[in-house]
Each structure stands twice: as C-alpha cells, then as structure tokens.
Amino acid sequence: MDEETDSGDFRERIRLSFERQGAMRTLGAELTRINQGAVEIELPFDTKLTQQHGILHAGVISAALDTACSYAAYSVIEPEASILTIEFKVNLMSPGRGERFLFRGEITKPGSTIIVADGRGYAMGDGPAKLIASMTSTMMVIRGREGISG
C-alpha cells in the first residue's frame with residue numbers, strides 16, 4: 001500500500017480502537033505493529049487460554065487473527081468509516097504451543113465496500129517461529145451506521 005491512500009492518522013485510530021476492545025484485553029493481547037495494510041498483535045502464553053490438551057484454544061487463535069485482519073483493513077479506509085467482519089475461514093496447521101504468539105493480518109484486496117485480508121498466526125519460543133494457523137477474512141466497510149464508528 002502506498003502512502004497516497006492514507007487519509008488521517010490511521011495508526012492512532014487503530015491504537016484507540018484496540019484499547020476499547022475488551023476481548024483483546026481479556027486475552028492479554030497487545031498491538032505490536034501498525035503499517036498501512038498490515039497489523040500485528042502479540043499474545044503471551046497463558047493456561048487460561050488453552051483447551052483440554054494445554055495448547056492455545058482455536059477460538060483464541062481465531063479471535064486474534066480476526067482482530068489483526070480487521071485492523072489491517074482499518075488502515076486502508078477513511079477515518080469516519082468502520083469495519084465489520086462478515087466471513088472468515090481458519091486453517092489450524094499446528095498445535096498452539098509456545099511462549100508467545102504473533103498474529104499478522106495483511107490486506108489482500110482493498111475495496112470501497114468489501115476488503116479481503118489474509119492472516120497468519122505463529123507460535124514463538126526458543127527456536128524459529130512456527131506457523132500454527134492461517135485465515136482468509138472478508139470485511140465490510142461501514143459508513144453512517146448509528147452505533148458503529150471507528
């Protein structure tokens with residue numbers, strides 16, 4: 001994405017919006033990178049976020065990937081618009097075992113009404129980061145709807 005498509009301070013809008021997300025706060029997630037068209041969220045391992053085998057729950061992985069993809073979309077829309085996810089598909093590729101997790105969302109196809117993003121989730125520990133999940137997400141740009149704003 002080039003800087004010509006940036007209208008306003010999308011980084012600050014994303015930071016403020018992320019701070020209002022109770023779900024991400026509950027998970028202990030933090031916003032670690034914001035670029036136009038790409039956002040990263042990190043999450044420390046916590047046993048409260050695991051399923052019965054002690055690995056990161058698929059719902060947690062999905063929520064973090066959805067959030068990363070959504071904020072990547074926020075980075076390419078006008079300041080007065082908002083985003084709602086309308087569909088996503090997650091592929092779980094490897095057990096979520098690690099000390100920390102990285103979730104990256106990147107815009108695949110920007111649009112004025114529909115935006116498509118791809119996400120990747122990685123487990124991080126002593127060795128190299130391991131790909132644990134991928135997501136393809138479709139989001140709708142929302143304008144002028146009461147109760148839904150940036």
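A search of the whole structure, which is a predicted model, turns up 7 salt bridges, each being a side-chain nitrogen of Lys or Arg within 4 Å of a carboxyl oxygen of Asp or Glu. Local features here need pLDDT of at least 70 and side-chain atom pairs pLDDT 80 or more, while totals for chains, interfaces and linings use all residues. Residues are numbered from 1 along each chain as its sequence is written, and side-chain values use heavy atoms, with hydrogens and water left out.

One of these bridges pairs Arg100 with Glu30 at 2.7 Å, N to O. It links distant parts of the chain, with Arg100 in strand β4 (residues 100–109) and Glu30 in strand β1 (residues 30–35), 70 residues apart; strands (E, at least two residues) and helices (H or I, at least four) are DSSP runs numbered from the N terminus. Arg100 is partly exposed because its relative accessibility is 24%, and Glu30 is also partly exposed, at 38%; buried means under 20% relative accessible area, exposed over 50%, and partly exposed in between (1.4 Å probe, protein chains only).

Arg104 bridges to Glu40, with the closest N and O atoms 2.6 Å apart. Arg104 sits in strand β4 and Glu40 in strand β2 (residues 38–44), so this pair ties together parts that are 64 residues apart in sequence. Arg104 is partly exposed at 22%, whereas Glu40 is buried at 10%.

Then there is Arg143 with Glu78, where the closest N and O atoms are 2.4 Å apart. Arg143 belongs to the segment after β6 (130–142) and Glu78 to the loop between α3 and β3, 65 residues apart. Both count as partly exposed, Arg143 at 42% and Glu78 at 22%. Salt bridges with shared partners also join Glu30, Glu42 and Arg100 into one network.

Asp66, in helix α3, goes without a salt bridge although it is buried, its relative accessibility being 18%. The nearest side chain of opposite charge (Lys and Arg count as positive, Asp and Glu as negative; His and the chain ends are not counted) is that of Arg120, 13 Å away. What the Asp66 side chain does have is a polar contact of 2.7 Å with the side chain of Thr85, that is, a pair of N or O atoms within 3.5 Å, one able to donate a hydrogen and the other to accept it, with residues adjacent in sequence counting only if both atoms are side-chain atoms. Asp66 and Phe88 are 22 residues apart in sequence, yet 7.8 Å apart in space, C-alpha to C-alpha.
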